[in-house]
Amino acid sequence: LTYDVAWEYYSQMHINSKINWEEILLCSPDHIVLSDMSDDKAKKRLQYTRINAGPFLDLSKSNNRVTAVGVIHGRTNQERIEQYEMLKELGYQYVALGGMVPYSNNQGKALNIVAGIQDTSDPLISPDSILGRSRKDGIKLHIFGLNSPEWCGWWHRLKIDSFDGSKLSTEG
């Protein structure tokens, strides 16, 4: 799947659908990067995301209802920050943290990835975190895969722009 194949699919399924959506958020093609991946495999996957991000953003500008969302992955916070900075430099105004589901039961790790929070009893947002940077830069942030009632509370508290997941529907 490349940016042009994704754009064609999104056009058929969403942009040109019978529903006249006011706003359509569409993710640039990305590859998940797992914490235990080799350097070589992670580098190739992060490069895939980079290669597709710019052209996808350009295509998204052809329709004023579309907001392109750049997806951030990484094995470390530093890799995630590098992805964030790359997407910001390209001009993305909406980014998403992907690969978060494995941390759904590790609140400390997930909050550290999102906001640089070190202590959940005193949750200070680090200005160097993805959330801190996105707030400073005026870029919206989406969290993929974490939407249990507990996570909804955290996202509301941290004023996360959007999030999704299947937990509420599977527990409901």
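**Helix contacts, burial and core**

Colleague: Which residues of α1 meet α2?

Modeller: Tyr3, Asp4, Ala6, Trp7 and Tyr10 in α1 meet Asn52, Pro55, Phe56, Leu59 and Ser60 in α2. Contact means heavy atoms within 4.5 Å. This is a predicted model, in which local features need pLDDT of at least 70 and side-chain atom pairs pLDDT 80 or more, while totals for chains, interfaces and linings use all residues. Residues are numbered from 1 along each chain as its sequence is written, and side-chain values use heavy atoms, without hydrogens and water.

Colleague: What are the angle and distance for α1 and α2?

Modeller: The axes of α1 (residues 3-15) and α2 come within 9 Å and cross at roughly 35 degrees. α1 passes α2 in a right-handed crossing. Right-handed means that the near helix is turned clockwise from the far one by less than a right angle.

Colleague: What is the angle between α2 and α3, and why is α2 called roughly parallel to α3?

Modeller: α2 (residues 39-60) and α3 pack at about 20 degrees, with axes 10 Å apart. Angles under 35 degrees count as roughly parallel. So α2 is roughly parallel to α3. The crossing is right-handed.

Colleague: Which residues make that contact?

Modeller: From α2 come Leu46, Thr49, Arg50, Ala53, Gly54 and Leu57. From α3 come Glu79, Gln83, Met86, Leu87 and Leu90. Six are nonpolar, three polar and two charged.

Colleague: Why is Leu46 called buried?

Modeller: Buried means under 20% relative accessible area. Leu46 has 6%, so Leu46 is buried.

Colleague: What does Leu46 touch, beyond residues up to four places away in sequence?

Modeller: Leu46 touches Val33, His73, Glu79 and Gln83. Leu46 and Arg80 are 34 residues apart in sequence, yet 9.7 Å apart in space, C-alpha to C-alpha.

Colleague: What makes α4 roughly parallel to α6?

Modeller: The axes of α4 (residues 107-115) and α6 (residues 149-157) come within 13 Å and cross at roughly 30 degrees. That angle makes α4 roughly parallel to α6. Gln107, Ala110, Leu111 and Val114 of α4 contact Glu150, Trp151, Trp154 and Trp155 of α6. By class, that contact has six nonpolar, one polar and one charged residues.

Colleague: Which residues touch the most other members of the largest nonpolar core?

Modeller: A nonpolar core is a set of buried Ala, Val, Leu, Ile, Met, Phe, Trp, Tyr and Cys residues joined through side-chain atoms within 4.5 Å. This core has 38 residues; Leu97, Met100, Val114, Leu141, Ile143, Trp155 and Leu158 touch the most other members. α4 gives the most to this core, with five residues.

Colleague: What is in contact with Leu141, leaving aside neighbours within four places in sequence?

Modeller: The partners of Leu141 include Tyr94, Leu97, Val114, Ile130, Leu131 and Ile160.

Colleague: Which residues of α5 are buried?

Modeller: In α5 (residues 130-137), Ile130, Leu131, Gly132, Arg133 and Ser134 are buried. What covers these residues includes β2 (66-72), α3 (77-90), β3 (94-97), α4 and β4 (140-143). After α5 comes Gly138, with a positive phi near 70 degrees.

Methods: Axes are lines fitted to C-alpha atoms, for helices over the stretch in contact, and angles run from 0 to 180 degrees between N-to-C directions. Helices (H or I, at least four residues) and strands (E, at least two) are DSSP runs, numbered from the N terminus. Angles under 35 degrees count as roughly parallel, over 145 as roughly antiparallel, 65 to 115 as roughly perpendicular and the rest as oblique. Ala, Val, Leu, Ile, Met, Phe, Trp, Tyr, Cys and Pro count as nonpolar, Asp, Glu, Lys and Arg as charged, and the others, Gly among them, as polar. Buried means under 20% relative accessible area, exposed over 50%, partly exposed in between (1.4 Å probe, protein chains only).
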